[in-house]
Amino acid sequence: MNAFLISTGLVSIAEIGDKTMLLAIMLAAAWRRPLPILLGILVATLANHAFAALAGTVLGHFMEGAWVRWVIGLAFLGFAVWALIPDRFEEAPDTTEKTFAGVFWTTTAAFFVIEMGDKTQVATAVLAAQFQSLPLVVAGSTLGMMLVNGPAVLLGEAAARRLPLKWIRIAAAAGFAATGLWVLLAG
């Protein structure tokens, strides 16, 4: 259960203010079709994070020795620094396609691509390597993404302007740093 809860918590905090959250707000503002946008985010996140967790689990099986603890712990400390850097998303979505299927597939493709190499995807891979529990890490990281992007889609841009993103980034950094220190010190 630790794999699920820690994945949910870390990914949800890291996702606040992330470029995928900004994309969710932009899509919601442009299309005003929350259901296909939310379903697209869910499908893209499941696919992307399953791939990341599978890669992390496979790498975790091949990595042995005390140095693995150091790699994982230092990776989380690196995520702490990365979380302090604000994301910006500058492209506006194409507003011409407004059918349910068009909005769903455009959202799915955009989220899948923009999540590649993102801190939440990399964190999912590292969490899977740490916990060696692919289903729980994918479920937790996907829930974490939906806990943030769901309200972002439903509340739209107005709510995002009121979020104290600086303090949320600091909280995300603290969560990653605490996890990194825990891995390094507790083994």
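Q: Which residues in α1 meet which ones in α6?
A: In this predicted model, N2, A3, I6, S7, L10, V11, A14 and E15 of α1 meet K119, T120, T124, L127 and F131 of α6. Contact means heavy atoms within 4.5 Å. Residues are numbered from 1 along each chain as its sequence is written. Local features need pLDDT of at least 70, side-chain atom pairs count only at pLDDT 80 or more, totals for chains, interfaces and linings use all residues, and side-chain values use heavy atoms, with hydrogens and water left out.

Q: How do those residues divide into nonpolar, polar and charged?
A: The contact of α1 with α6 has 7 nonpolar, 4 polar and 2 charged residues.

Q: At what angle do the axes of α1 and α6 cross?
A: The axes of α1 (residues 2-15) and α6 (residues 119-131) cross at roughly 165° and come within 10 Å. Therefore α1 is roughly antiparallel to α6, a term for angles over 145 degrees.

Q: Changing topic, which residues have the most contacts inside the largest nonpolar core?
A: They are A24, L27, I37, I41, F111 and V153, in a core of 18 residues. Such a core is a set of buried Ala, Val, Leu, Ile, Met, Phe, Trp, Tyr and Cys residues joined through side-chain atoms within 4.5 Å, where buried means under 20% relative accessible area with a 1.4 Å probe, protein chains only.

Q: Which element gives the largest share of this core?
A: Helix α2 does, with 7 residues.

Q: And what does I41 touch?
A: Not counting residues up to four places away in sequence, I41 touches A24, T107, F111, M146, N149 and V153.

Conventions
Axes fitted to C-alpha atoms, helices over the stretch in contact; angles between N-to-C directions. Helix = DSSP H or I, 4+ residues; strand = E, 2+ residues; numbered from the N terminus. Parallel < 35°, antiparallel > 145°, perpendicular 65-115°, else oblique. Nonpolar A, V, L, I, M, F, W, Y, C, P; charged D, E, K, R; others polar. Buried < 20%, exposed > 50% of the residue type's maximum accessible area, 1.4 Å probe, protein only.
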